[in-house]
Amino acid sequence: MKMRTSIVKFLALGFIAVGTTAMSMAQTKVGTTAAPFLGIGMGARAVAMGGAYTAVSDDIYALYWNPAGVSQGTRIQTGFTHTEWLVGTRINWAGAIIPAGSFGSFGVAVTVLSYGTMEVTTLAQEDGTGETFTAQDLAAQITWAKNLTDRFSVGLTAKLINQSIYTTSSTGFALDVGFLFNTGLLKNGIKIGASISNFGTPMRLDGQGLTTNIALSPNENGVPQNIPVRYLTNEYSIPLTYRLGLSYDILRSPEGRFTVAFDAVNPNDNTQYVNLGAEYEWKNTIFIRGGYNAIFEKEAEKAWTIGGGIKYGLGFAIIKFDYTYQRFGRLNDPQWFTIGLDF
């Protein structure tokens, strides 16, 4: 009874965090954080459900959406996701989960957003110097999760974050924490999930690319003085995000399952929004999914999503393929590809 009371208190605080006043809704926060790539949802299945995944998280992509979901499986899980993201960029994500019995479950994941290779240009050589440079965002994480009861799970993630462009870079650290609770309400049990992502250090760009020489007055011998200096850039916080989600299996039978899900999201670098999603499973083999992103987000480009997947047993393992098409307004529409193996 005491644990249930604590859970209810936590969920109430979550609702308060997600809710905002009209004044805060009127203020724009876009572009106010470093490492915005941390806000890009991972996994074709989760993206196909419109990002309404906080209370669904029962596979390897719980590593991104809600670390408490890492404890839901009993098999070793591996997964890889690829998408040609926006404006010529590319995302690759890879992760693994290992159950550890009474110690809980452990997971690792790496996210890489690549901006490709670009030419170096200067004011004197506007057509290029012949040199090239690259830019990349990276996040590496380790996660622990445990079922505290048959209905309540917790999870914790530690992240190393790095952004680099040419000869400058920035590094930060962050924590994610998540909770997953099966309320037991209704026939199949409504699930509630909550997570706080990217609670961490601010980030500041530094490196050789910020070094220059300043010419000062000549010294006593008349020799000009060139003093090497390095520019000091501003610090920016990372995209702290609160998520509160609900999911429910409207249909659950040997023939199939139909799940609906809802997420309320409160990021510190944008307006609050809602994600909606659904998934139909036929005999735990074929999956059809759909959803809608960023309802109520101001000037959102994200819109509807649709996808599907197939799961096939190989005897020693289960192989999974998932695909998602994501509508993205005036920008190119990303297509997500995911492959996974459960042992």
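This is a predicted model: local features need pLDDT of at least 70, side-chain atom pairs count only at pLDDT 80 or more; totals for chains, interfaces and linings use all residues.
Residues are numbered from 1 along each chain as its sequence is written. Local features need pLDDT of at least 70 and side-chain atom pairs 80 or more, while totals for chains, interfaces and linings use all residues, and side-chain values use heavy atoms, without hydrogens or water.

On the surface, F80, I250, L251, Y280, W282, I286, I288, I310, F321 and I339 form a nonpolar patch. Such a patch joins nonpolar side chains (Val, Leu, Ile, Met, Phe, Trp, Tyr) within 5 Å, each residue having over 30% relative accessible area and no salt bridge. Together these residues have about 890 Å² of accessible area. Strands β11 (241–253), β13 (273–282) and β14 (286–295) each supply at least two residues of the patch. F80 belongs to strand β1 (residues 77–84). Because its relative accessibility is 37%, F80 counts as partly exposed, the class between buried (under 20%) and exposed (over 50%).

The whole structure holds 10 aromatic pairs, in which ring centres lie within 6.5 Å; planes over 60 degrees apart count as edge-to-face, under 30 as stacked and the rest as tilted. Y64 and W65 pair edge-to-face, 4.9 Å centre to centre with 80 degrees between the planes. Y64 is buried because its relative accessible area is 11%, and W65 is buried at 5%. F152 and F181 are also edge-to-face, at 6.3 Å and 75 degrees. This pair links distant parts of the chain, with F152 in strand β5 (residues 152–165) and F181 in strand β6 (residues 168–182), 29 residues apart. Both phenylalanines, F152 and F181, are buried. Ring pairs also link Y53, Y64 and W65 into a cluster.

Terms used: Patches are made of residues with over 30% relative accessible area and no salt bridge: like charges are joined within 9 Å, nonpolar side chains (Val, Leu, Ile, Met, Phe, Trp, Tyr) within 5 Å. Accessible areas come from the Shrake-Rupley method with a 1.4 Å probe; for residues, only the protein chains shown count as cover. A salt bridge is a side-chain nitrogen of Lys or Arg within 4 Å of a carboxyl oxygen of Asp or Glu. Helices (H or I, at least four residues) and strands (E, at least two) are DSSP runs, numbered from the N terminus. Buried means under 20% relative accessible area, exposed over 50%, partly exposed in between (1.4 Å probe, protein chains only). Rings of Phe, Tyr and Trp (its six-membered ring) pair if their centres lie within 6.5 Å; planes under 30 degrees apart count as stacked, over 60 as edge-to-face and the rest as tilted.
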